[in-house]
Amino acid sequence: MAPATTVAAARRLVGSPRRTEAPRRRPSPSPPPRKLRPISEIMARARYAVVERADYSDVKCEQCGSGELSEELLLCDKCDKGFHMKCVRPIVARVPIGSWLCPKCSGHMRVRRFSQKKIIDFFKIQKSCDGKRKCSSNQDTRKRRRRSRSLLLLKKRRRLLPFIPSEDPNQRLKQMGTLASALTALQMEFSDDLTYSPDMAPRCANQAKFENGGMQVLSKEDMETLELCKAMSRRGECPPLVVVFDSCEGYTVEADGQIKDMTFIAEYTGDVDYIKNRENDDCDSMMTLLLATDPSKSLVICPDKHGNIARFINGINNHTQEGKKKQNCKCVRYNVNGECRVLLVATRDIAKGERLYYDYNGYEDEYPTHHFV
């Protein structure tokens, strides 16, 4: 007969844990699935190598199928196919220096998108209190009232008008985001002023008195308009413009709101250099800054490393009536406090969605625009 146990002993045995029992382990959570990048993104970032052919005499243009004008045939550094400079879209005005990719191979480049904070940091927007902003807006209102008293007098004097930014702050951030993406794609830095590098022309070389025949002086009232627009840009109140990419024209600028005639759009900015140093440059957006009596002192603006939205406004084909009809703004060189500056101004009312065009040549007619779209 089994020995009887007391109730207290039974409770002790039931309630006490067994020391030989292994501790219970909680099931470990399964690791999160790895996010794999698509093959298109991997191939876009992967390095490529082109096996050069022994003979390129049979290379033909992929667009027109002709092998003529071999001096204008460009070879893609990725697919090794040929394209005429006039057949490729966007058209290539000069033979590129360095590597060149055809539109198909370069079309896989990812467009960088910017958050609100990155846009503010990219353009170095200055934060201002509401009081200062309200004060400045009141001053703008008084100026607009004073200028709108006589439309006939305004037209006769042709005074500059300040641009009117979009009222919605989110819309302005979207506009600046398109510009930041375009500048980043071209590996450029934003600059709303002319830049002077040590290995280029110094600032002392930019003197309006060197201009051959003189240069028109910016009036006091227009100078106030220029300073007002510069101050608005520093606060992030940009002109109502967006940068878009067109498969035919490349990067171009569209109006994101109505722009009135004689409105200041932007100053043409970039690195200032001597023309003699840029004779063989392939930059397709160089702008004349100073035409000196001594040609060795003539200056150009080169927006290949620094620039703003003026870099992406396209030129017209001034050899056709259709091209001239598209022109809705112009570049004007002014004497501003003794220095040469180039301002972009609207020449007529520009509707929302309309693209901006101006004549690269102005009154010089030296730049070839026959192949402009």
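Start with glutamine 187, which sits in the loop linking helix H7 (169-185) to strand E3 (189-190). The structure is a predicted model, and in it this glutamine is out in the open: glutamine 187 has a relative accessible area of 73%, so it counts as exposed because the cut-off for that label is over 50%. Sequence distance and spatial distance tell separate stories here. Glutamine 187 and histidine 306 are 119 residues apart along the chain, yet their C-alpha atoms are 9.1 Å apart in space.

Now for the chain as a whole. It contains nine helices and 14 strands. Of its 373 residues, 41% are buried. Taking the contacts between residues at least 6 apart in sequence, 71% of them join residues at least 24 apart.

Strand E13 (residues 339-346) is a case of burial from end to end. Eight of its eight residues are buried, so the strand is largely enclosed by the rest of the structure.

In general, strands of a sheet pair through backbone hydrogen bonds, in either a parallel or an antiparallel way. With strand E12 (residues 329-336), E13 pairs in the antiparallel sense over eight bridges; here cysteine 331 has leucine 344 of E13 as its bridge partner. E12 and E13 form a hairpin with two residues between the strands, and asparagine 337 in this hairpin takes a positive phi near 55 degrees. With strand E6 (residues 264-267), E13 is again antiparallel, this time over three bridges. In that region, glutamate 267 stands opposite leucine 343 of E13.

Elsewhere, three strands make up an open sheet in the order E7-E9-E8, with antiparallel pairing. Strand E7 (271-274) and strand E8 (287-290) are its edges, each pairing on one side only. Ignoring direction, neighbouring strands in this sheet are turned by 40 degrees against each other on average. E7 and strand E9 (residues 299-302) run antiparallel and are joined by four bridges. Within E9, isoleucine 301 is the bridge partner of valine 272.

Conventions: Residues are numbered from 1 along each chain as its sequence is written. This is a predicted model: local features need pLDDT of at least 70, side-chain atom pairs count only at pLDDT 80 or more; totals for chains, interfaces and linings use all residues. Side-chain values use heavy atoms; hydrogens and water are left out. Buried means under 20% relative accessible area, exposed over 50%, partly exposed in between (1.4 Å probe, protein chains only). Two strands pair if DSSP finds at least two bridges between them. Contact means heavy atoms within 4.5 Å. Axes are lines fitted to C-alpha atoms, for helices over the stretch in contact, and angles run from 0 to 180 degrees between N-to-C directions.
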